[in-house]
Amino acid sequence: GDEERREFFFRSFIKKDRDLYGADSFYRVHNVVGLAELLTKQMRYPEAEQWYRYALRLVKHNYSEQDRRYAEVLAGLVDLHYKNGKSTEALDGLSKVIEILENSADTRELRLVYLARQAAILESVHRYDESLASLEKRLTLLLDTCPAASSNVSASSSSSSSSSSSSSASA
C-alpha cells in the first residue's frame, strides 16, 4: 500500500541523491532520515537504527558533532531507542542532544521539547529526582527567556495594588 510506495520512493531518492550529489553529501540526510522514520513507524527497529546511524555519519562528515543538525538527527535515533524499549540509550542520546542545543543559537523551543521528553523518559524508568531536575531546568529556561513577561506580571501586580489602595483611599 501507501507505506510500501513511500519506502520505495525514499530508497530511490537516496540512490539518486548519491548519484547526483555524491556518497557523503549532506543533501542525502533528509531522505535517509525519512526512510528511518518510516521504518520506525513500521517497528522495523534494527533497520531503522542502521539508517539513522548512516544519517549521523553523513552529518558528521559535513559538520561537527556539536552542530545543531547532528542533534536533530540524533533526536530521531533517541525516539527510536525509546520506542524500542532502550531507555538507557534514549537517555544517553537525549543528554547529548540537549548539550549540543545548549551551545547552539536559536534552539530554545527545541530545548524545551527535549527537556520535557527527558523528564518523561526518566519518570517512566522511575528516576523521579532526575525527572524533576529536568523539569526544573525547563522551567528555568522558560522563565529566563521571558523577562518581559515576568516584568509585566510584577508591574501589573504593583499597579493593581496601588490602584486598589487609591480607590480605598478615595472611599
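Figure 1. Phe9 lies in helix α1, which spans residues 2–21; helices (H or I, at least four residues) and strands (E, at least two) are DSSP runs, numbered from the N terminus. The model is predicted, so that local features need pLDDT of at least 70 and side-chain atom pairs count only at pLDDT 80 or more, whereas totals for chains, interfaces and linings use all residues. Residues are numbered from 1 along each chain as its sequence is written, and side-chain values use heavy atoms, with hydrogens and water left out. Together with Phe8 and Phe13, Phe9 forms a nonpolar patch on the surface, and the three residues have about 320 Å² of accessible area together. Accessible areas come from the Shrake-Rupley method with a 1.4 Å probe, and for residues only the protein chains shown count as cover. Patches are made of residues with over 30% relative accessible area and no salt bridge; like charges are joined within 9 Å, and nonpolar side chains (Val, Leu, Ile, Met, Phe, Trp, Tyr) within 5 Å. Phe9 is partly exposed, because its relative accessible area is 39% (buried means under 20%, exposed over 50%, and partly exposed in between; 1.4 Å probe, protein chains only).

**Figure 2. Packing of helix α1 with helix α2.** Helix α2 covers residues 29–41, and α1 packs with α2 at an angle of about 155 degrees, their axes being 9 Å apart. Therefore α1 is roughly antiparallel to α2 (angles under 35 degrees count as roughly parallel, over 145 as roughly antiparallel, 65 to 115 as roughly perpendicular and the rest as oblique). The axes are lines fitted to C-alpha atoms, for helices over the stretch in contact, and angles run from 0 to 180 degrees between N-to-C directions. The crossing of α1 past α2 is left-handed, meaning that the near helix is turned anticlockwise from the far one by less than a right angle; clockwise would be right-handed.

**Figure 3. Salt bridge between Arg5 and Asp2.** In this pair, the closest N and O atoms are 3.8 Å apart; a salt bridge is a side-chain nitrogen of Lys or Arg within 4 Å of a carboxyl oxygen of Asp or Glu. Arg5 and Asp2 are separated by about one helical turn because they are three residues apart in helix α1. Arg5 is partly exposed, at a relative accessible area of 47%.

Figure 4. The closest N and O atoms of Glu102 and Lys137 are 2.7 Å apart. This pair links distant parts of the chain, with Glu102 in helix α5 and Lys137 in helix α7 (residues 128–144), 35 residues apart. Both residues are partly exposed, Glu102 with a relative accessible area of 37% and Lys137 with one of 41%. Elsewhere, salt bridges that share partners join Glu7, Arg11, Arg44 and Glu47 into one network. Arg44 is partly exposed at 28% relative accessible area, as is Glu47 at 23%. The structure holds 17 salt bridges.

**Figure 5. Ser87 in helix α5, with the overall composition.** Ser87 is found in helix α5, residues 87–102. Ser87 is buried, because its relative accessible area is 17%. Ser87 and Val125 are 38 residues apart in sequence but 7.6 Å apart in space, C-alpha to C-alpha. The protein contains eight helices and zero strands, and 35% of its 171 residues are buried.
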